[in-house]
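Follow them with the model open.

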Amino acid sequence: MHAEIYNHTFSPGPPRCTGSINARELRFSRAMIFAIEEINNSTELLPGIKLGYHIHDSCAAVPVAMYAAFQLSSGKDTVFFKDSNCSKSGMVAGVIGGSGSTPSIGISQIIGSFNIPQVSHFATCACLSDKRQFPNFFRTIPSDAFQAEALAKLVKHFGWTWIGTICSDSDYGNNGMASFLQAAQKEGICVEFSESFYRTNPNSKIQRIANVIRRATAKVIVAFASSGDMKVLLEELARKPSPSLQWIGSESWITDPNLLKFDFCEGALGFGIPKSVIPGLRDYLLNLSPSEVAASHLLTEFWEDAFKCRLQKNVSEGELVCDGSEDLKKLQSPYTETSQLRITNMVYKGVYAIAHAIHRVVCPEINFITKCDKHLMLESKQVLAALKKVNFTQNGYSVSFDANGDPVAIYELVNWQKGENRNIELVTVGYYDASQPINKGFHLYTNPTWVDGREQVPVSVCTDSCPPGTHKVLQKGRPICCYDCIPCPEGEISNTTDSSDCFPCPIEFWPNAERDSCHPKPVEFLSINETLAIILAFFSVGGACLAILTAAVFFYHRTTPIVRANNSELSFLLLFSLTLCFLCSLTFIGAPTEWSCMLRHSAFGITFVLCISCVLGKTIVVLMAFKATLPGSNVMKWFGPPQQRLTVVFFTFVQVLICTVWLVLRPPFPMRNFSTYKERIILECALGSAIGFWAVLGYIGLLAVFCFVLAVLARKLPDNFNEAKFITFSMLIFCAVWLTFIPAYVSSPGKFTVAVEIFAILASSFGLIMCIFAPKCFIILCQPEKNTKKYLMNKH
């Protein structure tokens, strides 16, 4: 560790100002003098007591501001009194200023040690609300914490979720932008870029930031910068054509009349201090006498800069001399611009706030009479304590401070619009009141004018909004505002814009084609109105009519040998059962109900068993008849008509018993099937007990196989007309149909399950009637010569 010692042979002196005069800041200082003179002439506020002042130019530089603060704290400054009778001595009761956050921080840290109160008209950094660091600081302008939140709500209100941000590289800009970014994140706003700069930065950095703005995809730029910094940046942007951008500005620059010349910022929007009126101020500002101008270095510099001439004492060779014809009333300058007093009113209220605090100390109210003590040794800490309690109204504007030294935050929403003379003007289009409840503080009077004078709100989003029916999927490595719009999965919908997720429809509903709403699923069953159902019903009724017609033919020719030889009683019973078989398929058509579900399965099972029992009886009769022709055989007496009836009744009763048990224990019931198809509901008959269903089918199959075996055994028995071979064909068709039915039934979806079952019933029924009765009817009707006993006995 080492140290270096410097020997100074001269004093460096106070910091010096450079650059040109700021006419707006000059107006602020003149407004302070106006307010002090107004107070000194008042008979109600500080009667008989005069206030003096001393004005320091901080040059918007921290070293200059801190030097001035040391001068004030040391008490070496001479206080100016307009009244020559004053003693020209006194203590510093308070400080008005400065015009920026960073200088104000330096001033407060110095004078705070001496308990000198400071009231700023333009220092908005939220950091100055910290009473532990700045216990002596007050301000008449709201904290940036409120403005940052208001700006975030403004951006959100117009649907901008993709923005760029720039800020001054100072306490004002950095703290304000930090508060804004925090509020913007809560509002779901994404930032494409965020840059900070200062007006004294190298030109290369200003150019780089200007190029970042030109290349940005965001169409909205939020600038939390001082007016001096923005002037430098806008001058750089004006050098080259820039894309049309929507500027959103903080109070510091959005209301600065010096910047209204940048017409490419037309449509700029931001919050400003409410404009106000200070009676008499304009006349005071314009009534500058030549002697008054000549006596002040600042006024001289302003005069010469405004009128582009030189006063007599400063004239150099070749320069224009001021001839006295200069008229401030005709001058277009921020100094004379009093139509929209904003920050000027903050200076005015700050002076009155300190005056009211002094009044509370030196002019107490005793017995309802105010008495001022001119000889009271006033201490700055007394003024500091009194300043916390001031609450008054001046020119209709209330003044008070909260526990942090901040006023109530009320802003006007101002818009840069071109007037009739094509010059940019500030137009108030709304307001923001932080004292109002959430979501009620922001209000628009009228629609703003946007960039390039357009009336339509510009769009600034990273990704266009996802329409209903889609959901957002974030793009990897990018902010949350950048996403892809993915269609909702099958069975799910999203009914809002920019939905983060899709949700499934209720089980009885299904999305529409756009997948933005749920609609009731269509209920599907084999309706009588469908073509397939009509065709099946036609064949069902046609089969029943065919069976009845066959029975009529048999009944009409009941005495003929071919009818009598084939057991006419069982034939009529078989035709009756076939009629029922055809008709029972009709119970499968239509919407299932509790009764139709029980009826269709039980009717099907019983009628088919009755049918197969009759065929089985006829097969046994054929076998018994052959046995009866053998010598010494009397087998027919054991299988005569009574036994045949009992056989049919017995086999049918077994099926009736199976169906009864099934219907009593776990009967079929109507069911809404949601699993076969996702997009529609199948209304079907649930089996109830699968064992009962397969028992019914199994019993039918067992009888059919048994009948088939017997028929095969009897197919080659002698006789010209052996019925067994026709029964064999019919049972072959029957078994084939029902063997193919099982896999088709299991695999068929929805209403086609019912159609397959109807088809199996009709096919097997037509197989029986065609194989057993068609040959007989053909002989009866077409070949009557063969309908003789001789032919049947194969005798010539």
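A disulfide, taken here as a pair of cysteine sulfur atoms within 2.5 Å, joins C488 to C502, with an S to S distance of 2.0 Å. C488 sits in the loop between β17 and β18 (492–493) and C502 in the loop between β18 and β19 (503–504), so the pair, 14 residues apart, links distant parts of the chain; strands are DSSP runs of E, at least two residues long, numbered from the N terminus. The S-S torsion of C488 and C502 is about -75°, which means a left-handed disulfide. Both C488 and C502 are buried (buried is under 20% relative accessible area, exposed over 50%, partly exposed in between, with a 1.4 Å probe and protein chains only).

This is a predicted model, in which local features need pLDDT of at least 70 and side-chain atom pairs count only at pLDDT 80 or more, while totals for chains, interfaces and linings use all residues. Residues are numbered from 1 along each chain as its sequence is written, and side-chain values use heavy atoms, with hydrogens and water left out.

C462 and C482 are also bonded, S to S 1.9 Å. Their torsion is about 105°, so this disulfide is right-handed. C462 is partly exposed at 22%, whereas C482 is buried at 0%. C363 and C372, with sulfur atoms 2.0 Å apart, have a torsion of about 110°, and the disulfide is therefore right-handed.

By the distance rule the count is nine disulfides.

How values were computed. Helix = DSSP H or I, 4+ residues; strand = E, 2+ residues; numbered from the N terminus.
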